[in-house]
Protein chains: 2
Amino acid sequence: MFTYACLVSTQAQVLYDFAAELGNNELSIREGETITITNQNIGGGWIEAKNSRGEVGLVPEDYIESACARWISDNRCETSSNTSNGNNPWTVFDNNASGGFSNNWAAQPEGTETGKTSSNAWPSGGHGHPQAYQGPGAEDDEWDEEWDDVKSSGGYAESEAGEGGAINRGGAHVGSHHTDWTYTQDGEVGPVWAYPDYQLDCVVADPKKGSKLYGLKSYIEYQVTPTTTNKPVNHRYKHFDWLYERLLEKYGSAIPIPCLPDKQVAGRFEDEFIKMRMERLQGWMTRMCRHPVISSSEVFQLFLSYKDEKDWKMGKRKAEKDETVGVMVFSTIEPEGLPDLDLIEVEQKCEQFNRFTRAMDDGVKDLLTIGNEHWKRCTGPLPKEYQRIGKAFQNLSSVFTSSGYEGEAALTDALTAAGKTYEEIAQMVAEQPKKDLHFLMETNNEYKGLLGCFPDTVGVHKAAIEKVKEADKLVAAGKITPSDKTTMSKRASTMSYSLQAEMNHFHSNRIYDYNRVMQQYLEQQVKFYEMIAEKLRHAHSQFTTM
Amino acid sequence: MFTYACLVSTQAQVLYDFAAELGNNELSIREGETITITNQNIGGGWIEAKNSRGEVGLVPEDYIESACARWISDNRCETSSNTSNGNNPWTVFDNNASGGFSNNWAAQPEGTETGKTSSNAWPSGGHGHPQAYQGPGAEDDEWDEEWDDVKSSGGYAESEAGEGGAINRGGAHVGSHHTDWTYTQDGEVGPVWAYPDYQLDCVVADPKKGSKLYGLKSYIEYQVTPTTTNKPVNHRYKHFDWLYERLLEKYGSAIPIPCLPDKQVAGRFEDEFIKMRMERLQGWMTRMCRHPVISSSEVFQLFLSYKDEKDWKMGKRKAEKDETVGVMVFSTIEPEGLPDLDLIEVEQKCEQFNRFTRAMDDGVKDLLTIGNEHWKRCTGPLPKEYQRIGKAFQNLSSVFTSSGYEGEAALTDALTAAGKTYEEIAQMVAEQPKKDLHFLMETNNEYKGLLGCFPDTVGVHKAAIEKVKEADKLVAAGKITPSDKTTMSKRASTMSYSLQAEMNHFHSNRIYDYNRVMQQYLEQQVKFYEMIAEKLRHAHSQFTTM
């Protein structure tokens, strides 16, 4: 038992350099410096501190290590290391092969071809995912910029450091292993994940502006309500980002973790931007909820249903110290009575998935390109043209009115009405993409992100296959034992089952998603054209029958 | 009594130079030369002749004057000059004012402002109409090129001279006056033309390729069937053009005669071009039929219901010698108990019409510009985009098919069907303008032509008003008598009534036409959008409901 909050002001050690921004009430600090915490209740990842020269200002709480933080960190390390490995079949391998997967395969001669691929084989926490980051420098900005902050006029937005990152770098690492990740053989499609009886879902809603630093900074907080507890929890964008990082680090080798919605979208109105981000966070969360492995993971459950601030902070730190990340996650897989696969078969499956995801990636990108152009046309030149047609009819009508000829009114009224109808149609055309194309684009955009993660996931498997192929040579050279080789084959087989289960999960979701989005798209398109026809029918009826 | 056809071969005088085209069996002839007609039955405006050097070849029959033609011409002149002026009120003026309108108003001092406008006041046969000709050189080509000819591979098309023009230039001119052109005061709208009880109409149909010169030249002949006789007559484009010239010459000062459809349209397939020309000739003929003055005119009746070739040729020559052309046509107007108008009132009416036609001209041109752009979009980028959307869906469907996942077929079938639906929609979009926009454009194009004639028609009236304004000065200077002045005022009044009747005719037709074309346009638009909705509804139904 321990309490999280340190209630007394205390000395703290600076872990990293931090340069204060002018006019932001910040305090510059240097690594190794000792500072005194003067106010711990600032919030938003900031504390007030005083340096040895008596200067007082705000510093990022993760840049310093107070006695309190250190104690918690130590305490967690201890409890973490106490976690039993239980009946995890991979622990056998951990004991036999000089400290686990990475050590085993890293032990082979450097400079060989397989040596080269081996550096790809175990991406540490999936940082190799090309789609996971939005551009150069994005990773560095992660904790320095708060992307969901609404910039205040004071210009405080650029320099805040969030919690979490620093502690992760400073703390001790002990992994906790789980045995809740299994798959079974499905009669039709092959291996599938063990799906829970209850399908988790959540609602991301009610974005609210919050503020911190005495109102100097504001941010958006979303309410996330899981269908399990039905109790809402609040999260900022950077919390979602934190969750993404954890999932990527832990599961990225086995499960493609789609990237979060873009951190920033240029040229958007604030409200529209918030709405779209919320919608995309909802989409991302729903996808995560649907994944049996992700949704049942401790970190995901924490995110959805932490009890209070203390629970959240503790859970966060625990998750950050999780060592069962990268390929180690395969050690948590429990194959349920499935036979070992032949190497050729594993390779074939791998290639098939690779081909499919690449082809689908091309198809999705193609659709997005076309959809984008269509969007531009529908919101740009097309409604303008309908508007001009409408104006031309109305203009002609007013010219006709000026004729001074009797019996003109019936025509001019009808012509004006027809003109207005085309103006209404212009409006409808311009607004339609938001009602149909939008969802088609969003779904395909999501899939583009998801498919972008596959090459890395598949890459992990390919590297494993290469290793097994090289195994005979390594045995002959006395670098590994025949028993090591058997273990490696078993692992490749397990990884292949995992990939198959993941692909089957992907396929069933894809079929569901595309069915749904196409239905939605076509339904809205039908309504759209029906409404236009109805409007025009009414316009038509106003002309005199002759 | 006389017979038209000269049955014996005879000597003929060459009226104009004609240069033979190489390889066309033609014979070069020079003005004043005497030739011998060797075959009169070639047809198509050509006869075979022999020159003094014994060379034989084809020459345009209108370039020569045979004894036979001369006799007919003389004969007609005589009968024409015998035509009684009867009780035409304008003959009073003809006798009083030194030989008619033009002589009277031309008698005023040159160089004055009114002198300047006076040159506009009496356009000889409406040749000043800016819309009547299609471009520089078009007038010169009139009888030298046969615009409706389908060029034969022999290249004979450029040099044929048609009948009519030459004889018109050579013959004596005696006008024949009619008294069948009246208007009455309508309770609501003011002066209107006296409309016939029976509304004439005609059908232009059945374009057939004919040939002449032993098959060396081919042309298109249209069948024109008036609702009066229900007996079809055949006419080539150049006959329509001839009719247009006659109507313009005779009625152009009082009635805007819309130009014929373009003589040539570049880049069209032959069949499509013929079809469009026929449609436009139909539109033009219908408009002429609807006009009570035009439709009851001798030349128009001749065109619609000549009994045989002889009747046609005789009627043509008579029409070409008609001298009641230009402003003289107003002398045939019989005002039915309408009081003389005040000059100010005449001027106001004139201005009102001018403003209206200009405004409508602008409105119509605007609509045409927009319609053209819309046409381009509907037949160019828009269907291409729908096609690409369709292809993208189908492409995605075939990628999905390659997944190897069970239970894929329902989605891929539906997705393929949706893709095909969008390809069908692309086709529909591309073809739709022909079904609706086409008629809207054609009608507005017709009105553009018609409105283009109004400035000249109005100009004639304005010039007359100016003359009347100057009359006091002229009387004081002893250039005209007070009685002349009264006559001029009366004429301006009559012309104003005529213009009012014409505008009322224009307005009632315009209301009818725009009502009809808008109904047609909207009806087709409704059908179009309904059909798209229906197609999409069907595509939607193929997706699995979840």
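In this predicted model, chains A and B meet through 54 residues of chain A and 54 residues of chain B. Every one of the interface residues of chain A, 100%, is also an interface residue in chain B, so the copies meet through the same surface.

**Who touches whom**

- Four helices of chain A each put at least two residues into the side that touches chain B: α12 (343–379), α13 (381–401), α14 (409–435) and α16 (482–541).
- The largest share comes from α16(A), which brings 20 residues to that side of chain A.
- Sorted by class, the side of chain A that touches chain B has 28 nonpolar, 14 polar and 12 charged residues.

**How the copies are related**

**A helix pair across the interface**

- Helix α14(A) packs against α16 of chain B (residues 482–541) at an angle of about 30°, and their axes are 11 Å apart.
- Angles under 35 degrees count as roughly parallel, so α14(A) and α16(B) are roughly parallel to each other.
- Where they pass, α14(A) and α16(B) make a left-handed crossing.
- To find the spot, look on α14(A) for L411(A), A414(A), L415(A) and A418(A); they meet I511(B), Y514(B), N515(B), M518(B) and L522(B) in α16(B).
- By class, this contact of α14(A) with α16(B) splits into 8 nonpolar residues, 1 polar residue and no charged ones.

**A helix pair inside chain A**

- Within chain A, α12(A) packs against helix α15 (residues 437–476) at an angle of about 155°, with 8 Å between their axes.
- Angles over 145 degrees count as roughly antiparallel, which means α12(A) is roughly antiparallel to α15(A).
- The crossing of α12(A) past α15(A) is left-handed.
- In the contact of α12(A) with α15(A), there are 18 nonpolar, 7 polar and 5 charged residues.

Methods: Residues numbered from 1 in each chain as written. Chains lettered and ligands numbered in written order. Predicted model: local features only at pLDDT ≥ 70, side-chain atom pairs only at ≥ 80, totals over all residues. Contact = placed C-beta atoms within 7 Å. Nonpolar A, V, L, I, M, F, W, Y, C, P; charged D, E, K, R; others polar. Axes fitted to C-alpha atoms, helices over the stretch in contact; angles between N-to-C directions. Parallel < 35°, antiparallel > 145°, perpendicular 65-115°, else oblique. Left-handed = near helix turned anticlockwise from the far one by under 90°.
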